[in-house]
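Student: I would like to learn how to read cavities, domains and sheets in a model. Could we go through one together?

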Amino acid sequence: MQKPILTTIAFDADDTLWRNEDVFLSTQQYFVEMLETYHSREYILERLNEVQIDNLSNFGYGVKGFTLSLIESAIMLTEGRITGYEIHEIIQLAKQMLAAPIQLLPGIEPLLQSLQGKCRLMVITKGDLLDQEGKLARSGLNEYFDWYEVVSNKKAENYHKVFESLQLNPSEVLMIGNSMRSDVLPVLDAGAHALHVPYHTTWSHEQVTDAELANYPMIPTVASAETVEQWIRANFQLSGEIK
C-alpha cells in the first residue's frame, strides 16, 4: 500500500523546538516566594491559574499576558498591599523572560537538517508576535523554515485559515507538537495529520481529559525529536524525495 505524501511539516515552537515552560515555572516560583507571607503556595498558584485563564481572551498567550496576570493576581492576593517596588520586580522578571537564552531540545537541529529540502518546513505557534519572532531569531533555526506563522490561538479554524492562506492541502500536512489541546486535536479536526511529542511538563490549561481523547482514534506519539524522522518515514512519503 502506497504511503500518503507530505508536502509540509509544521512544528510548534515552545516546548517542541526549545524549552519554554521551565522559564514560566521559574518565574512562578519567584512569585510564590514574594507572596508566601499572605497565602499558601497551593492557593497562590490556584488563583494565578484562574486569573491567567480568565485573561486569555483579553491578553492572549505569552509573556506579556502572563505578566499582567501576575500583577493582577498580586493585587488581588495582597488585597492591594503589594508595593510599587514589588510590581517593578515582577516587570523585571518579565523582561528577563523575554531575553532568556534559547535552549534547543535534543535532536531538533539534526532533525531539521535532515528534513530540509525534502518538503516544506514551517512553524505554527501562538503567543505574542514580537516575543515569538525574537525567540526564533535567538534560536538560530531561522534558516531551516520556509514559513513562520504566529496565531492568536490554536483551534481548528485557526489552522484552516493558515492552510487556506498558504494554499496547503490539509491531507498533505503534518503538525508536530507537545500539546494535545493546541498541536494535535485541532489539527486532526482541520483534516491534517498530527504527531504528539510530549514535554516533561505542560501547563494545566493545555492538558486534555480522557473523555476528550475518546473522540479520536489512537494518536501517534513519540518520546522525543530524536525518533520523529523514523516515525515519519514509516508512515509517509516526503514530496521532495518523489521522482
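Student: What volume does the largest cavity have?

Tutor: Rolling a probe the size of a water molecule over the atoms shows where empty space is left. A cavity is a set of points, on a 1 Å grid over the protein atoms alone, where a 1.4 Å probe fits but cannot get out, and lining residues have an atom within 4 Å of a point. Grid points are joined across faces, edges and corners, and a volume is the space filled by probe spheres set on the points. Here the largest cavity has a volume of about 510 Å³. Its lining has 33 residues, and Asn 20, Glu 21, Tyr 61, Trp 203 and Glu 206 are the closest to the centre.

Student: Before we go on, what kind of model is this?

Tutor: It is a predicted model, in which local features need pLDDT of at least 70 and side-chain atom pairs count only at pLDDT 80 or more, while totals for chains, interfaces and linings use all residues. Residues are numbered from 1 along each chain as its sequence is written, and side-chain values use heavy atoms, with hydrogens and water left out.

Student: Which elements supply at least two residues each to the lining of the largest cavity?

Tutor: Helices (H or I, at least four residues) and strands (E, at least two) are DSSP runs, numbered from the N terminus. In this lining, helix H1 (21–35), helix H2 (41–59), helix H3 (63–77), E3, helix H6 (129–139) and H8 each supply at least two residues. H3 gives the largest share, four residues.

Student: How do the residues of that lining divide by class?

Tutor: Ala, Val, Leu, Ile, Met, Phe, Trp, Tyr, Cys and Pro count as nonpolar, Asp, Glu, Lys and Arg as charged, and the others, Gly among them, as polar. The lining of the largest cavity has six nonpolar, 16 polar and eleven charged residues.

Student: What about the second largest cavity?

Tutor: That one holds about 110 Å³ of space. Of its 13 lining residues, Asn 20, Val 23, Met 97, Ala 100 and Lys 135 are the closest to the centre. H1 and H6 are the elements that give two or more residues to this lining, and the largest share, three residues, comes from H6. By class there are eight nonpolar, one polar and four charged residues. At least three residues come from each of domain 1 and domain 2.

Student: In what order do the strands of the open sheet stand?

Tutor: Two strands pair if DSSP finds at least two bridges between them. Five strands form this open sheet in the order E4-E3-E2-E5-E6, with parallel pairing. Strand E4 (147–151) and strand E6 (193–196) stand at the edges with a single partner strand each, so one side of each is left without a neighbour in the sheet. Four bridges join strand E5 (residues 173–177) to E6, and Ile 176 stands opposite Leu 195 in E6.

Student: Which strands does helix H8 lie across?

Tutor: For angles, axes are lines fitted to C-alpha atoms, for helices over the stretch in contact, and angles run from 0 to 180 degrees between N-to-C directions. Helix H8 (residues 180–189) lies across strand E3 (120–126), E5 and E6, at about 155° to E6.

Notes:
Contact means heavy atoms within 4.5 Å. On a 1 Å grid over the protein atoms alone, a cavity is a set of points where a 1.4 Å probe fits but cannot get out, and a pocket is an open set with protein on both sides within 12 Å along at least five of seven lines; lining residues have an atom within 4 Å of a point. Domain bounds come from an automatic or database domain assignment.
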